[in-house]
Amino acid sequence: MKTMVEFSAAGATYCLPVEVTRAVRSSVGMVALPAPNPNVAGLLPGDPPLTVVSPFGSGGHHILVLHVDDTTYGLLVDSVNGLHKVDEADIRPAPRGQHRELVSGSITIDGALVLLADATAAGAGAGV
C-alpha cells in the first residue's frame with residue numbers, strides 16, 4: 001500500500017506519493033517573476049524563496065511543497081483533499097495522448113477517477 005496526498009486542480013482530482021510532499025502552504029504572498037519559464041507561477045518568499053510551478057493552471061490557492069531529486073519546489077493547486085492508502089495493484093497505466101508525461105497513472109477512489117501526478121515531470125516542465 002502507498003499513501004497518497006489527494007489534491008484538486010483545474011477541475012480534476014490528482015494524487016502524489018506522500019514521500020515527496022513536505023508541507024501545504026497558502027499562495028497568499030506569492031510574487032510573480034518578470035520573465036518566468038512556462039508553468040512557473042512565481043516565488044513564495046522565504047529563506048530561500050520557493051519556486052512555485054503551475055502545470056495544472058494558475059488559479060490555485062494552495063501550494064504543495066514537494067521535494068524531488070534533491071530539489072524543493074511548490075506545486076500550485078486549488079485544494080488539498082487529504083490522504084488515501086492506495087494498493088499499487090489498483091494503479092492503471094498512464095493515459096495516452098499527453099504532451100508531457102505529467103500523469104503517470106490513474107486510480108479510482110470512492111467511484112471517482114483520480115490521476116496520479118508525476119512530481120518529477122511537474123517540476124521538469126517548469127525548469128526546476
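In this predicted model, five strands form an open sheet whose pairing is mixed and whose strand order is 3-6-7-5-4. Strand 3 and strand 4 are the edge strands of this sheet, since each of them pairs on one side only, and the twist from one strand to the next averages 30°. In general, the strands of a sheet pair through backbone hydrogen bonds, and they can do so in a parallel or an antiparallel way. Strand 3 and strand 6 run antiparallel and are joined by five bridges, and within this part of the sheet Val24 stands opposite Leu64 in strand 6.

The loop between strand 3 (21–26) and strand 4 (40–44) is the place of Ser27. Is Ser27 buried or exposed? Its relative accessible area is 13%, and because buried means under 20%, Ser27 counts as buried. When its neighbours within four places in sequence are left aside, Ser27 is in contact with Gly60, His61, His62, Ile63 and Leu76.

The next element to consider is strand 1, which is mostly covered, with seven of its eight residues buried. Strand 1 pairs with strand 8 (residues 79–86) in the antiparallel sense over seven bridges, and with strand 2, also in the antiparallel sense, over six bridges. Ser8 shows both of these pairings, for it stands opposite Ser79 in strand 8 and has Thr13 as its bridge partner in strand 2. Strand 1 and strand 2 form a hairpin with two residues between the strands, and in this hairpin Ala10 takes a positive phi near 50°.

The structure holds three aromatic pairs, and two of them are set out in the table.

| Aromatic pair | Arrangement | Centre to centre | Angle between planes |
|---|---|---|---|
| Phe7 and Tyr14 | stacked | 5.5 Å | 15° |
| Tyr14 and Phe56 | tilted | 4.3 Å | 45° |

Phe7, Tyr14 and Phe56 form one aromatic cluster. Why does Phe7 count as buried? Phe7 counts as buried because its relative accessibility is 0%. Tyr14 is buried too, with a relative accessible area of 9%, and so is Phe56.

Phe56 also gives a picture of how residues from several places in the sequence meet. Not counting residues up to four places away in sequence, Phe56 touches Phe7, Ala9, Ala10, Tyr14, Leu75, Leu102 and Ala117.

How values were computed: Residues are numbered from 1 along each chain as its sequence is written. This is a predicted model: local features need pLDDT of at least 70, side-chain atom pairs count only at pLDDT 80 or more; totals for chains, interfaces and linings use all residues. Side-chain values use heavy atoms; hydrogens and water are left out. Contact means heavy atoms within 4.5 Å. Helices (H or I, at least four residues) and strands (E, at least two) are DSSP runs, numbered from the N terminus. Buried means under 20% relative accessible area, exposed over 50%, partly exposed in between (1.4 Å probe, protein chains only). Two strands pair if DSSP finds at least two bridges between them. Axes are lines fitted to C-alpha atoms, for helices over the stretch in contact, and angles run from 0 to 180 degrees between N-to-C directions. Rings of Phe, Tyr and Trp (its six-membered ring) pair if their centres lie within 6.5 Å; planes under 30 degrees apart count as stacked, over 60 as edge-to-face and the rest as tilted.
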